Each structure stands twice: as C-alpha cells, then as structure tokens.
Amino acid sequence: MSAQLTLPMSLCRLLLGAVVAAVAFVSGAVAHEIRPAYLQIDEMAANRYKVVWRTPMLSGMRLPIVLRFPESVRNVTEPAERDLPDSLVQTRVIETDGAGLAGKRVEFVGLQATITDVLVRVHLLDGTVEMTMIHPSQPWIDFAATRSPLAAARVYFVSGFQHILLGIDHLLFVFGLLFIVRSRWMLVKTITAFTVAHSITLAAATLGKVEIPALPLNAMIALSTLFLGPEIVRVWRGQTSFTIRHPWIVSFAFGLLHGFGFASGLTALGLPQGDIPFALLMFNLGVEAGQLVFVGLIVLLIAALKSIEIRLPRGLELMPAYVVGILGAYWTIDRIAAMLGGAA
C-alpha cells in the first residue's frame, strides 16, 4: 500500500522559489573558481632546493597567501616574481640544515581564509616524487613521511572528484539530461556518450593538442545548459524533437565542450609534462566517480518521490526546466558580458 500526498499550491510556489534562489546563490558563490595554488620544490643538490610558488589571480587580485618556511631554512636567492595572465609565480633557491626537508613544516599563511587548495609537488634527487593537496582547514605541510605513488594518485583523483561536484554548471547540464531521457537504456547511453566525449577533449586539452580561450568556452558551456531548458518543457508537453529522440548525440556534442572545462581544472595546476599522463588518468577517474555519484543520487531521489506518489501541481512539474533554463540564461548573459568586456 503506498501513500499519496498532494502539496498545496502556495507551498509548491514557495518551494520553487526557494530552490531557484538557493541554486542561484550557490552558483554565484562557487562561480566555477576552484583553481588551486601550486608549490613545486625540486632538490638541486644536498640540502639545496629550487622553489616555485604559483598563486592564481582572482578577479585581477592576488590571493593573500604567504609561503612561510621554518627558521632553519634560508634563502640562497631572493624571491623573484613574475606576473602571468592568470597567476603570480615566485621563484627562489633555499638551503636547509643537514636533515634536508625531513621534519620541516611549511605553512601557507592566509590559506585558511580562502576556498583555495594548494597542490604541493616535491622532487628529490633520488627520483622520489611526492604529491600532496593542502586544504584551508589545515594550511601547512609536514615533510616527515615519504608518500607513496598511491598517495599521489589519491591527490589527482580527489581533485577531479571535487572539480565536477563544485562545477555546478557541469552538474546542471547532467541534471537536465536526466529529465530528457525516457528509458534506463537511453540513460546509460546518454551518460556514456557524455563521458566519452568529455574524456576525449579533456585529454586533448591537457596534452596541449587543442586549446580554447576560457571566456568563450565558459559562455558555450552555459549555452549548453540553457539549451536543455526548452527541451525539458517539450518532454513535459508530450512533444518531441531531435534532442528528445537522440539525447545521446546531443550529450556527446556538448560533452566535448565540457571536457575542455574539466581540463582547465587540471592544466591550472601547472604540472610538469612528465606528470601529465598519470595525472590525467586519475583526474578523469575522479571526474567520472563524481558524475556517477551525482547521477545515482538524482535517480534515487526521483525513484523515492515516485514510490510515495507525491502529486505535484502540474505547473510545478516544470521546476527542473525553470532551474535549468533560468540558471543557463543567467550564466550565458553573464559570461558573454565578461567576454565582451574583456575584448573591449
């Protein structure tokens, strides 16, 4: 025996407004800006290291993060700074006592007041490479233990996982697709097509084979989300279209664009060429895992709502279309304005 609920229209309108406002707030807060800072330490000789410290620029402003070494570390060369279009790079050579970096703590002063992570890469003379991701909740790194290759893989995997779950424009596109497909088989086919497509362009962009400027790319990704709003309405009206009949083709085409967006999260790390294939593999696996978790949660939520037979007013059934269309339109206008402003 199943329960059946009918929501009052006033409550439904309130829920709709709350959902749209919350999603809009989150989209503005996250703003698709999750580029990490990057610290690279290369051992040049016994107890001597070259340090490269790269911090991203946000809205033309330098992040207020200061790199602090322990007192036993001294500068051999003074820090030299270089401005790049999207970041500030500081380079210096340091020297430690007889123990090298082991047992030393490097602090990232001010990191706790940001939402930025720091990727730390240490390359020692014996060939050992250590990778660690530092988060604002613990703004320091202790060079006490040797980290395994598995730990490095975890860093890239988690970075990919976080990239898609914090990239709300990517998630909203996938969310829109779920309301267009009409069968489980078509759902699998459509999500697989999206995965294959963005994997292709993620690899091509990360390996430097193809490059698309960030501003036009972000505008096109927003357009892909806006495109799905009217398609969801057509499904609700019982109409059809090329997208509704063949969602996997549209998913593949727009997936190519989203792959370039995923690549920005990896290339922004400024990785050495030798690390890219391994980083690409683990980052992409992290993206896929995050995508599957999101799709699974939405499918389970829809199934749960159907099982308790909540009867929504007919107009409120269009809430997914409203959310996808409104946010897609907002991002499109905002990003085109940013693109035209940058060109002026």
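The expected span of a helix is taken as 1.5 Å times one less than its number of residues. Helices (H or I, at least four residues) and strands (E, at least two) are DSSP runs, numbered from the N terminus. The model is predicted: local features need pLDDT of at least 70, side-chain atom pairs count only at pLDDT 80 or more, and totals for chains, interfaces and linings use all residues. Residues are numbered from 1 along each chain as its sequence is written, and side-chain values use heavy atoms, with hydrogens and water left out.

Helix α4 (residues 184–206) contains 23 residues, and its first and last C-alpha atoms lie 32 Å apart, close to the 33 Å expected at 1.5 Å a residue. After α4 comes G208, with a positive phi near 80°.

Helix α3 (residues 168–178) packs against helix α8 (residues 276–307) and also against α4. Axes are lines fitted to C-alpha atoms, for helices over the stretch in contact, and angles run from 0 to 180 degrees between N-to-C directions.

| Helix pair | Angle | Axis distance |
|---|---|---|
| α3 and α8 | about 40° | 11 Å |
| α3 and α4 | about 155° | 10 Å |

Angles under 35 degrees count as roughly parallel, over 145 as roughly antiparallel, 65 to 115 as roughly perpendicular and the rest as oblique. α3 and α8 are therefore oblique to each other. Their contact (heavy atoms within 4.5 Å) involves L171, V174, F175 and L178 of α3 with F294, V295 and I298 of α8. By class, this α3–α8 contact has seven nonpolar, no polar and no charged residues. Here Ala, Val, Leu, Ile, Met, Phe, Trp, Tyr, Cys and Pro count as nonpolar, Asp, Glu, Lys and Arg as charged, and the others, Gly among them, as polar.

α3 and α4 are therefore roughly antiparallel to each other. F173, V174, L177 and L178 of α3 meet L187, T190, I191 and F194 of α4. The α3–α4 contact has seven nonpolar, one polar and no charged residues.

Turning to the strands, two of them pair if DSSP finds at least two bridges between them. Three strands make an open sheet in the order β5-β9-β12, with antiparallel pairing. β5 (66–68) and β12 (140–142) are the edge strands, each pairing on one side only. From one strand to the next the twist averages 10°. Three bridges link strand β9 (residues 105–109) to β12, and V106 has I141 in β12 as its bridge partner.

Strands β7 (residues 80–83) and β8 (residues 87–95) run antiparallel and are joined by four bridges. They form a hairpin with three residues between them, and R82 stands opposite V89 in β8.
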